[in-house]
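Colleague: I would like to learn how to read a few features of a protein model. Please take them one at a time.

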Amino acid sequence: MKGISKIIEKKFGDLIFSLICGMVYFIIALYFILNHTNTGGGFLALSFSPAIICGMALVILKTIRRLRDEEAFGKINMLIYAHILLSLVSIILLLGIIF
């Protein structure tokens, strides 16, 4: 394994990466919930937050482990790069929520 995929080679590295990606997906969902509801959007987002965060973390974790078993390290690198780009987008959306 080489490249940026060394991040997930550490102990619990894939789990931590998956949970961070789950938070990224939650921020994107929070942005859309708050922009498309008149009242109660924060409570709605809070209610669905465990499902969004843990659900997406589970999907990403299973994908990483499947790709590691298949020894498709190029695909793992692409998955990591795509989620880094997605996290930058979610930071911009989060700044849009705050300000």
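Modeller: Leaving aside neighbours within four places in sequence, I80 is in contact with I4, S5, I8 and F17. Contact means heavy atoms within 4.5 Å. This is a predicted model, where local features need pLDDT of at least 70 and side-chain atom pairs count only at pLDDT 80 or more, while totals for chains, interfaces and linings use all residues. Residues are numbered from 1 along each chain as its sequence is written, and side-chain values use heavy atoms, with hydrogens and water left out.

Colleague: Which residues make up the largest nonpolar core?

Modeller: In soluble globular proteins, nonpolar side chains tend to be buried together. A nonpolar core is a set of buried Ala, Val, Leu, Ile, Met, Phe, Trp, Tyr and Cys residues joined through side-chain atoms within 4.5 Å. Buried means under 20% relative accessible area, exposed over 50%, and partly exposed in between (1.4 Å probe, protein chains only). Here the largest core has 10 residues: I8, F17, C21, I60, I64, L67, A72, I76, L79 and I80.

Colleague: With which residue does R68 form a salt bridge?

Modeller: Side chains of opposite charge can pair when their charged atoms come close. The rule for a salt bridge is a side-chain nitrogen of Lys or Arg within 4 Å of a carboxyl oxygen of Asp or Glu. R68 pairs with D14, the closest N and O atoms being 3.4 Å apart. R65 also meets D14, at 3.2 Å, N to O.

Colleague: Is D14 buried or exposed?

Modeller: D14 counts as buried, because its relative accessibility is 5%. R68, at 28%, counts as partly exposed.
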